[in-house]
Amino acid sequence: MLHNSSTHYGTIARLLHWGMAALIILSLVVVELHEFFPKGSGPRAAMMTVHFQIGVTVLLLIWVRLAVIFTGKVPPIVPAPPLWQHIVAKLAHLALYLAMIALPILGIVMQQADDKAVALLGMQLPGFVGVDKDFSKVLKEVHETLGNIMIVLIVAHVAAAIWHHRVQKDNTLLRMLPPRANS
Ligand code: HEM
Ligand code: HEM
């Protein structure tokens, strides 16, 4: 089913969730690994290109995802967890959405302020700011701090999904998988 049912997230929501999860994790892996390659080397530049391309793609897809998620009815978790868990989960999802919007914007603006053009698949993005190296340095600090907070959030998010599945033994994770695989 394309749209959410009473028991599962729909195909569109699942594709967006797992596709963007894979892209974001890859972009985090490459940005952490690029430091192991010498400055100016091909692999280092290629890894950063992957980081930039994924970031800009995430900024485009997140609006589709928000539209899909907020127009669909979220399938209830069975058995229902306590209210506090529901609230913490919603806040964590909100923080992840905000990170998926803020991080690419910070990334693009900090690159442009550093006099480096940003392109998606070879198409150059319009310039949103003038060159200002000091401003770029501040944005880079913010981008890196927020990026690291996002890593912590993702680890907690994945741990929560596994915990629901293995310890609480509810359908939190199964709802995000194709219906036929588990019913
Ligand atoms: C979903 C989007 C993004 C996420 C989750 C993300 C996350 C991160 C993380 C975790 C770091 C490393 C922080 C550290 O070393 O402590 C980083 C660094 C960086 N990011 Fe992003 N980022 C995203 C998008 C972008 C975009 C769109 C650009 C530019 C167009 C960008 C440019 C950079 C740059 C230049 C660095 C610094 C690399 C270095 O010199 O060490 N990022 N990002
Ligand atoms: C790879 C391991 C991952 C697993 C096992 C996982 C699992 C899940 C599960 C079970 C849900 C449903 C939760 C609910 O309905 O209360 C969910 C939703 C969500 N996940 Fe993940 N997730 C993973 C990676 C990620 C990553 C990397 C992000 C990064 C931003 C993310 C962001 C979200 C968001 C925002 C939601 C809310 C619904 C939506 O927008 O799709 N997840 N995840």
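**Exercise 1. In what order do the elements of the protein run from the N terminus on?**

Solution. The model is predicted: local features need pLDDT of at least 70, side-chain atom pairs count only at pLDDT 80 or more, and totals for chains, interfaces and linings use all residues. Residues are numbered from 1 along each chain as its sequence is written, while chains are lettered from A and ligands numbered from 1 in the order in which they are written.

Step 1. Helices (H or I, at least four residues) and strands (E, at least two) are DSSP runs, numbered from the N terminus. The protein has 4 helices and 2 strands.

Step 2. Their order is α-α-α-β-β-α.

**Exercise 2. Describe how α1 and α2 are arranged.**

Solution. Step 1. Two packed helices are described by the angle between their axes and the distance between the axes. Axes are lines fitted to C-alpha atoms, for helices over the stretch in contact, and angles run from 0 to 180 degrees between N-to-C directions.

Step 2. The axes of α1 (residues 11–33) and α2 (residues 42–71) come within 9 Å, crossing at roughly 155°. Angles over 145 degrees count as roughly antiparallel, under 35 as roughly parallel, 65 to 115 as roughly perpendicular and the rest as oblique; α1 and α2 are therefore roughly antiparallel to each other.

Step 3. The crossing of α1 past α2 is left-handed (the near helix is turned anticlockwise from the far one by less than a right angle).

Step 4. Residues are in contact if their C-beta atoms, placed from the backbone, lie within 7 Å. Among those that meet are L16, M20 and L23 in α1, and V50, I54 and L61 in α2. By class, this contact has 18 nonpolar, 4 polar and 1 charged residues. Ala, Val, Leu, Ile, Met, Phe, Trp, Tyr, Cys and Pro count as nonpolar, Asp, Glu, Lys and Arg as charged, and the others, Gly among them, as polar.

**Exercise 3. Which residues come nearest to ligand 1, and which are closest to ligand 2?**

Solution. Step 1. A residue is near a molecule if its C-beta atom, placed from the backbone, lies within 6 Å of it.

Step 2. Of the 22 residues around ligand 1, G55, L103, G107, E144 and G147 come nearest. This shell has 13 nonpolar, 8 polar and 1 charged residues. Helices α1, α2, α3 (83–113) and α4 (133–168) each supply at least two residues of it.

Step 3. Ligand 2 is surrounded by 20 residues, the closest being H17, A21, H93, L96 and A161. Its shell has 15 nonpolar, 4 polar and 1 charged residues.

How values were computed. Contact = placed C-beta atoms within 7 Å.
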